[in-house]
Amino acid sequence: MSRWLVVLTALAVTAAACSSTSDSEPAADSDAADTTQAETESTQPAESAEETEGPILIGAALDLTSNMAPFDGPALAAAQIAIDQINEAGGVNGRQLQLEFIDTALDPDQTKQAAVDLLAQGAEILVTTCDVDFATPAVQEGINAGVLTVAPCIGTDQMGPARFGDAGQLAFTFGNLAQDEGAVLAEWAFDQGWTTAIVVPDNLLAYFQDVCGAFTSRWEELGGTVVATEGFASFDGSVSNIPTAVGNAGEADVIALCTFPPDIGTAVGGIRDLGNDTPIVSPWSGDGTFWSAPDLTGFTFSTFASVFGDDPNADVQAMIAEMDSRGSNPATGGFITGAAMIESLAAGIEATGGTDGMALASYFEGLSGLETISGEIRFSTDLHTVFGREYRIMTFENGTPVFQELRSATSPAEIG
Amino acid sequence: MRVQERFSELSGLLLVILAVALGQLLFSDTIGPQFQLAMVTTSIAVSLHTFSGNSGVISFGHISFVAVGAFSAGLMSLAPEQKSNIFPELFPLIKDQQIGNLWSLALAAALGAIFAAIVGIPLMRLNGLAAGIATLAVLGMTRNVLRNWTSIGPGAKTLPGISETTGAVQATVGLLLTVAVGLAYQQSRFGRRLRATREDPAASQSIGISIYGERLLAFVISGGLGGFAGGLYVHYLGSITTEQVYLELTFLTLAMVVLGGLGSMWGAVLGGLLISGFSSFLIEAQKGLGLLGREIKIPSGSRDILIGILMVVILLVRPDGLSKGGELRIRSRRSADS
Amino acid sequence: MIDPLPCLEARSVSRSFEGVQALREVSLRLELHEVVGLLGPNGAGKSTLINLLTGFDRPTEGKILLNQVEINSWSPARRGRAGLGRTFQHGHSFAGLTVAENIEVSALGMGVKPAVARSQADELMKLLRLSHRRSNLACSLPHGEERLLGVARALATTPQFLLLDEPAAGLNEDEAQEFGTVIRMVNEERNLGVLLIDHNIGLVFDVCDRIHVLDQGMTLATGSSKEVSENPEVITSYLGQT
């Protein structure tokens, strides 16, 4: 027995040594400061001491290595560019913005811990990954701590009170409302003269179900017919049945496919390999060529910005050039939401005079058309997700996406 | 077993757990939760031990009961308004009701036990190895049902917004309760009969012990404790997906029980606490940490490899695990002399 | 015709394994007041018969009866609880448990309270001279004592019938003789029937009221010690060889 107590004590002492010499984590509050501050080698004082003069820390718990990395990584890079631009111009209310990030690898435990660590480092704003399910562990840490918690590109209506209850008032996303995006896809497709559709939602994420649900809803309002709905879930192998299921579902003018890489590659590749050339429409999650076959044709997606050199907005083109020069060439148009997020946060901090979570939340809820690099940002008390944006409609021609038109939805679609 | 011996086994574990619980007071807010996670994970290991340690049948499906407990406690703690917004397909009974923290833990334990009984009635008839493999099938089925049946749960999505009631107190009390129930069973006539079947199935039958009956009872108790630990877990996490109660947790808790020493409660507790601590340490090291004045950073993903290596090394040096299958006993000086 | 006496009976049982006839139409009857010896060369079917009686194996033909009730379909555990105790040729002690725990758990198997089990274990350890080993792990016992532990464990189930498979192997002559006395004493004081298999012919002839000789799966002879020892067939086929 005594031997084990010695071992446990030794372990406790070792762990204490680790935590107290860690210089990457200044103490968050005075309790912790008692035990850790004394030995901290860091030259940064505890943030509470100079909350008003030091930089405003924006903590980002993002996925930089797993399946959301193609979306999170560029958004983070664009956010950094926007921050640099703001800081060069003198910062916000005289304070500089500072971005710290931790890779979550989409692991729920690491996501939670990343948020805990960032908040302990003194983050005044928390940024989370671009899917509400994966973001949840971090979102809860942020809003429970009373900190405004935002995502660059979550695309459902779930990033807010609907999902997180009263504390969810502090949660916002700069992605597009799925109901809006599904509606714009349906309206564009109907304008091509198509009338029958097969709908393929990925049940892994609420966003996919919602976009496909909105497509169906608007499609039927317009007078189109849904021939069949064939669901599956990413990562569990069920996508391999989709090409055959779609083929067996009968003739249709268009397939609405709501999923993301890697399973989108399997689905689209499989459909084309079976000789099925039916046009396919997809939300922003189909953006990019990193998943597609080199000769893909007839695949259309909606996105925030074209990264294929033909975006109609010169500021967007300039931002892409800046990202290229920094070596973080964006794979999809979603990066722009990272910059729009920083611009909106700066506007909010300036307007409310600080980073108080509730004050910022009220400011955001009142926004109706704040001009940013990613178009007009609007939220409401019910909707904490951007709606009414102008989408870039892009269609693959021989492996390369080509800009077709700018298009807004007439209104978000109603879904069950 | 004399009362004194019973108490000496319990008191040793009690002291160690309380020492760990107090240990977290030494740490900052970012490390403190790691202690709570360690205690919750150890509760799961203890619940697994209650069946596998006493019966000698490795259950690969134990996390099924943890999952049932976690999802039931989590779903029933969530406010009805949020449930209708996020999961409109839920059955009305689940969607419209909400219960408090303690009731949700009780519900988790009850459903864990009931599920274990349903599964155990056919499975416990199989012999040891076949039963172990069949439990793996149960794990797969449970996960697939939870992932696809959106009337009873969040499906493949994250269940959010669960009150984070498992802090330092609930984690400590929860672990102590799990250990106390597990140990009481282990020391009871039922537990001792089951251990006899583990030692020698044929001989145990010759003295009238029904292997099926004893295993089933242990399976149900273990399932109940597993469900309870799942409830603790979900109230620690605050949100959960099916993947968090699937293969990774299965192997982690099996590693704890085997490395600690299969067959003893002390082994399950020791293995649970040590592996959790080591795992947290490695996660920090992956992010980079200062250790005694030096900066250490290990490549991300090396945690699992290092835990694997640690297991191999310990099992080579001590094939019966750290506890060698024995219990921790504290003897007073007087009884040690006598 | 109903027999009022409690008895364990094999009624013309046969057992074949993949075409090999291990037992052929063997009948054997054991009553409460007697000690019956079962003799025969290796492979004669002695252990098979014990396994059939205790349910670890099922006869291909014939019946096993306990107190006139057919119990062919009963599990070993059920037979154990119904009053059939046995030991095993290869020990089969609960290796990781102490001597005391081995005996206690056996009493617990019958559903007695832990305190009762403890006092039964104390008593049996005294009877079989195992008290000095009470806290030793069963796996650390020498062969002879492990067999005795098996007997103690079987007795802890308070059986009506006790089936001993080579319990004296590993005992020296003095110990074997002492063990014989214990068996007789148990038989008389506890009023239980004993079936004794052992290669120690001296012990068997000494202790048993009746002897049943098997050879190649068939009954060669039955009768009192004297009758069997004078049976010419037994002498040529079995006793002569040893």
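Two strands count as paired here if DSSP finds at least two bridges between them. With that in hand, let's walk through this predicted model, starting with a sheet in chain C.

**The sheet in chain C**

Six strands of chain C line up as an open sheet in the order E6-E7-E8-E3-E9-E10, and the pairing is mixed. Strand E6 (84-86) and strand E10 (218-224) sit at the edges, each pairing on one side only. On average, neighbouring strands in this sheet are turned by 15 degrees against each other, direction ignored. Helix H1 (residues 46-54) of chain C packs on the sheet, where it touches E3, E6, strand E7 (161-165), strand E8 (193-197) and E9. The direction of H1 makes about 150 degrees with that of E7(C).

Inside that sheet, E3 and E9 of chain C run parallel, and the bridge partner of Leu38(C) in E9(C) is His212(C). For contrast, E11 and E12 of chain A pair in the antiparallel sense. There, Leu370(A) stands opposite Ile377(A), and a hairpin of 2 residues takes you from E11(A) to E12(A). Here are the two pairs side by side:

| Strand | Partner | Sense | Bridges |
|---|---|---|---|
| E3(C), residues 35-39 | E9(C), residues 210-215 | parallel | 4 bridges |
| E11(A), residues 368-372 | E12(A), residues 375-378 | antiparallel | 4 bridges |

As a reminder, strands of a sheet pair through backbone hydrogen bonds, either parallel or antiparallel.

Chain A has 416 residues, and buried ones make up 55% of them. Its secondary structure comes to 13 helices and 15 strands. Of the contacts in chain A with a separation of 6 or more, 68% link residues 24 or more positions apart.

Where they touch, domain 1 of chain A puts in 20 residues and domain 2 of chain A puts in 18. On the domain 1 side, helix H5 (132-144), helix H11 (314-325) and helix H12 (335-352) of chain A each supply at least two residues.

**Where chain C meets chain B**

The contact between these chains takes 22 residues from chain C and 16 from chain B. Helix H2 (76-81) and helix H3 (99-109) of chain C each bring at least two residues to the chain C side. The residues on that side divide into 11 nonpolar, 8 polar and 3 charged.

Notes: Residues are numbered from 1 along each chain as its sequence is written. Chains are lettered from A and ligands numbered from 1 in the order in which they are written. This is a predicted model: local features need pLDDT of at least 70, side-chain atom pairs count only at pLDDT 80 or more; totals for chains, interfaces and linings use all residues. Two residues are in contact if their C-beta atoms, placed from the backbone, lie within 7 Å. A residue is buried if 20 or more other C-beta atoms lie within 10 Å of its own, exposed if 12 or fewer, and partly exposed in between; C-beta atoms are placed from the backbone. Ala, Val, Leu, Ile, Met, Phe, Trp, Tyr, Cys and Pro count as nonpolar, Asp, Glu, Lys and Arg as charged, and the others, Gly among them, as polar. Axes are lines fitted to C-alpha atoms, for helices over the stretch in contact, and angles run from 0 to 180 degrees between N-to-C directions.
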